[in-house]
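Here is a friendly note to read alongside the model on your screen. Take the points one at a time, and find each residue in the viewer as you go.

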Amino acid sequence: MDDTTRFAHPLSAIDAIRDDFASLDDWEDRYRYVIELGHALEPLSEAAHNAITKVRGCVSQVWLECEPKTNVEGERILHYRGDSDSHLVRGLIAIAIALFSDRTPQQILAVDPVATFRALGLEQHLTPQRSNGVRAMVERIRTDAAGLKLSAL
(Lines give C-alpha, C1' and ligand atoms only; values in the text may rest on other atoms or scores of the structure.)
Protein backbone atom coordinates (compact mmCIF):
# COMPACT_ATOMS: atom_id res chain seq x y z
CA MET A 1 0.00 0.00 0.00
CA ASP A 2 1.53 3.36 -0.96
CA ASP A 3 1.55 6.31 1.47
CA THR A 4 -1.28 8.13 -0.33
CA THR A 5 -3.58 5.12 0.02
CA ARG A 6 -2.48 4.51 3.61
CA PHE A 7 -3.30 8.11 4.62
CA ALA A 8 -6.63 8.00 2.79
CA HIS A 9 -7.50 4.71 4.57
CA PRO A 10 -5.70 4.73 7.93
CA LEU A 11 -5.39 1.42 9.70
CA SER A 12 -7.75 0.80 12.55
CA ALA A 13 -6.06 0.42 15.91
CA ILE A 14 -6.39 -3.37 15.81
CA ASP A 15 -5.00 -3.51 12.26
CA ALA A 16 -1.98 -1.49 13.38
CA ILE A 17 -1.46 -3.89 16.29
CA ARG A 18 -1.67 -6.88 13.91
CA ASP A 19 0.92 -5.28 11.61
CA ASP A 20 3.22 -4.48 14.53
CA PHE A 21 2.91 -8.04 15.87
CA ALA A 22 3.75 -9.45 12.43
CA SER A 23 6.94 -7.39 12.32
CA LEU A 24 8.15 -8.79 15.67
CA ASP A 25 9.78 -12.22 15.43
CA ASP A 26 10.63 -12.85 19.07
CA TRP A 27 7.99 -13.43 21.77
CA GLU A 28 9.98 -11.43 24.28
CA ASP A 29 9.66 -8.44 21.91
CA ARG A 30 5.94 -9.11 21.53
CA TYR A 31 5.45 -9.20 25.30
CA ARG A 32 7.33 -5.90 25.60
CA TYR A 33 5.12 -4.48 22.84
CA VAL A 34 1.94 -5.59 24.67
CA ILE A 35 3.23 -3.88 27.83
CA GLU A 36 3.94 -0.70 25.81
CA LEU A 37 0.35 -0.78 24.53
CA GLY A 38 -0.81 -0.75 28.14
CA HIS A 39 1.23 2.38 28.85
CA ALA A 40 -0.72 4.19 26.11
CA LEU A 41 -4.17 3.48 27.58
CA GLU A 42 -6.49 6.42 28.13
CA PRO A 43 -6.33 7.12 31.88
CA LEU A 44 -9.05 5.69 34.10
CA SER A 45 -10.06 7.99 36.96
CA GLU A 46 -9.55 6.84 40.54
CA ALA A 47 -13.33 7.00 41.01
CA ALA A 48 -13.74 4.48 38.17
CA HIS A 49 -11.66 1.92 40.08
CA ASN A 50 -14.75 0.54 41.78
CA ALA A 51 -16.87 -2.59 42.19
CA ILE A 52 -19.12 -1.67 39.25
CA THR A 53 -16.28 -1.42 36.72
CA LYS A 54 -14.27 -4.31 38.16
CA VAL A 55 -14.13 -7.35 35.88
CA ARG A 56 -14.75 -10.61 37.72
CA GLY A 57 -12.84 -13.69 36.62
CA CYS A 58 -9.44 -12.06 36.26
CA VAL A 59 -6.52 -13.03 38.49
CA SER A 60 -5.21 -9.47 38.27
CA GLN A 61 -7.29 -6.46 39.23
CA VAL A 62 -9.07 -5.26 36.06
CA TRP A 63 -11.47 -2.38 35.60
CA LEU A 64 -13.38 -1.56 32.42
CA GLU A 65 -15.42 1.62 32.16
CA CYS A 66 -18.00 1.83 29.39
CA GLU A 67 -19.29 5.18 28.16
CA PRO A 68 -22.08 5.20 25.57
CA LYS A 69 -21.56 7.95 23.01
CA THR A 70 -22.87 9.00 19.63
CA ASN A 71 -20.54 8.93 16.62
CA VAL A 72 -20.52 11.44 13.74
CA GLU A 73 -23.09 9.33 11.86
CA GLY A 74 -25.48 9.61 14.81
CA GLU A 75 -25.06 5.94 15.80
CA ARG A 76 -24.76 4.85 19.42
CA ILE A 77 -21.29 3.51 20.16
CA LEU A 78 -19.50 2.25 23.25
CA HIS A 79 -16.27 3.92 24.34
CA TYR A 80 -14.04 2.02 26.76
CA ARG A 81 -11.32 2.92 29.22
CA GLY A 82 -9.54 0.31 31.30
CA ASP A 83 -6.86 -0.32 33.85
CA SER A 84 -5.13 -3.14 35.69
CA ASP A 85 -2.58 -3.64 38.42
CA SER A 86 -0.58 -5.81 35.98
CA HIS A 87 1.49 -4.27 33.17
CA LEU A 88 0.89 -7.23 30.84
CA VAL A 89 -2.85 -7.21 31.53
CA ARG A 90 -2.98 -3.45 30.83
CA GLY A 91 -1.59 -4.33 27.40
CA LEU A 92 -4.24 -7.01 26.90
CA ILE A 93 -6.87 -4.43 27.87
CA ALA A 94 -5.39 -2.10 25.23
CA ILE A 95 -5.79 -4.85 22.60
CA ALA A 96 -9.41 -5.47 23.67
CA ILE A 97 -10.12 -1.73 23.55
CA ALA A 98 -8.55 -1.50 20.08
CA LEU A 99 -10.80 -4.35 18.99
CA PHE A 100 -14.08 -3.13 20.52
CA SER A 101 -14.08 0.52 21.61
CA ASP A 102 -15.89 3.23 19.67
CA ARG A 103 -17.98 0.70 17.75
CA THR A 104 -21.72 0.13 17.57
CA PRO A 105 -23.24 -2.75 19.54
CA GLN A 106 -23.81 -4.61 16.26
CA GLN A 107 -20.15 -4.21 15.29
CA ILE A 108 -18.98 -5.35 18.73
CA LEU A 109 -21.19 -8.43 18.66
CA ALA A 110 -19.98 -9.31 15.14
CA VAL A 111 -16.31 -9.42 16.17
CA ASP A 112 -14.68 -12.81 16.72
CA PRO A 113 -12.23 -11.99 19.53
CA VAL A 114 -10.97 -15.58 19.78
CA ALA A 115 -9.86 -15.46 16.14
CA THR A 116 -8.14 -12.12 16.69
CA PHE A 117 -6.21 -13.28 19.78
CA ARG A 118 -5.38 -16.55 18.00
CA ALA A 119 -4.11 -14.66 14.92
CA LEU A 120 -1.87 -12.58 17.18
CA GLY A 121 -0.54 -15.80 18.69
CA LEU A 122 -1.66 -14.78 22.15
CA GLU A 123 -3.87 -17.80 22.70
CA GLN A 124 -0.93 -20.19 22.99
CA HIS A 125 1.36 -17.68 24.78
CA LEU A 126 -0.91 -16.70 27.67
CA THR A 127 -1.30 -18.68 30.87
CA PRO A 128 -4.73 -20.28 31.40
CA GLN A 129 -5.43 -17.67 34.11
CA ARG A 130 -4.63 -14.77 31.73
CA SER A 131 -6.75 -16.40 29.01
CA ASN A 132 -9.67 -16.65 31.45
CA GLY A 133 -9.20 -12.98 32.29
CA VAL A 134 -9.28 -12.00 28.62
CA ARG A 135 -12.48 -14.04 28.19
CA ALA A 136 -14.00 -12.24 31.19
CA MET A 137 -13.14 -8.83 29.68
CA VAL A 138 -14.59 -9.81 26.30
CA GLU A 139 -17.73 -11.18 27.93
CA ARG A 140 -18.20 -7.90 29.84
CA ILE A 141 -17.87 -5.88 26.62
CA ARG A 142 -20.25 -8.16 24.72
CA THR A 143 -22.77 -7.93 27.58
CA ASP A 144 -22.56 -4.12 27.45
CA ALA A 145 -23.12 -4.21 23.69
CA ALA A 146 -26.07 -6.59 23.94
CA GLY A 147 -27.62 -4.38 26.63
CA LEU A 148 -27.26 -1.21 24.56
CA LYS A 149 -28.60 -2.99 21.46
CA LEU A 150 -31.66 -4.19 23.41
CA SER A 151 -32.30 -0.77 24.91
CA ALA A 152 -32.34 0.71 21.39
CA LEU A 153 -35.20 -1.57 20.31
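1. Start with R18, which is partly exposed, with a relative accessible area of 31% (buried means under 20%, exposed over 50%, and partly exposed in between, using a 1.4 Å probe and protein chains only). Please keep in mind that this is a predicted model, where local features need pLDDT of at least 70, side-chain atom pairs count only at pLDDT 80 or more, and totals for chains, interfaces and linings use all residues. Residues are numbered from 1 along each chain as its sequence is written, and side-chain values use heavy atoms, with hydrogens and water left out.

2. Which residue does R18 bridge to? Its partner is D15, and the closest N and O atoms of this salt bridge are 2.8 Å apart (a salt bridge is a side-chain nitrogen of Lys or Arg within 4 Å of a carboxyl oxygen of Asp or Glu). Both residues belong to helix α2 (residues 13-23), three residues apart, or about one turn of the helix. Helices (H or I, at least four residues) and strands (E, at least two) are DSSP runs, numbered from the N terminus. D15 is partly exposed too, at 30% relative accessible area. In the whole structure, a search finds seven salt bridges.

3. Now look at D29 and R32, whose side chains meet in a salt bridge of 2.5 Å, N to O. These two are three residues apart in helix α3 (residues 27-39), separated by about one helical turn. D29 is partly exposed at 30% relative accessibility, and R32 is partly exposed at 44%.

4. The next salt bridge joins the side chains of E42 and R81 (3.2 Å, N to O). E42 lies in the loop between α3 and β1 (62-70) while R81 is in strand β2 (residues 76-84), so the pair ties together parts that are 39 residues apart in sequence. Salt bridges with shared partners join E42, E65, E67 and R81 into one network.

5. Stay with β2 for a moment. Eight of its nine residues are buried, so β2 is largely enclosed by the rest of the structure. β1 and β2 pair in the antiparallel sense over nine bridges (two strands pair if DSSP finds at least two bridges between them). They form a hairpin with five residues between them, and G74 in the turn has a positive phi of about 85 degrees.

6. How do the helices pack? Two packed helices are described by the angle between their axes and the distance between the axes. The axes of α3 and helix α4 (residues 87-100) come within 7 Å and cross at roughly 75 degrees. That makes α3 roughly perpendicular to α4. Axes are lines fitted to C-alpha atoms, for helices over the stretch in contact, and angles run from 0 to 180 degrees between N-to-C directions. Angles under 35 degrees count as roughly parallel, over 145 as roughly antiparallel, 65 to 115 as roughly perpendicular and the rest as oblique.

7. Finally, compare α2 with α4: their axes come within 7 Å and cross at roughly 130 degrees. That makes α2 oblique to α4. Here A13, I14 and I17 in α2 meet I95, A98 and L99 in α4 (contact means heavy atoms within 4.5 Å).
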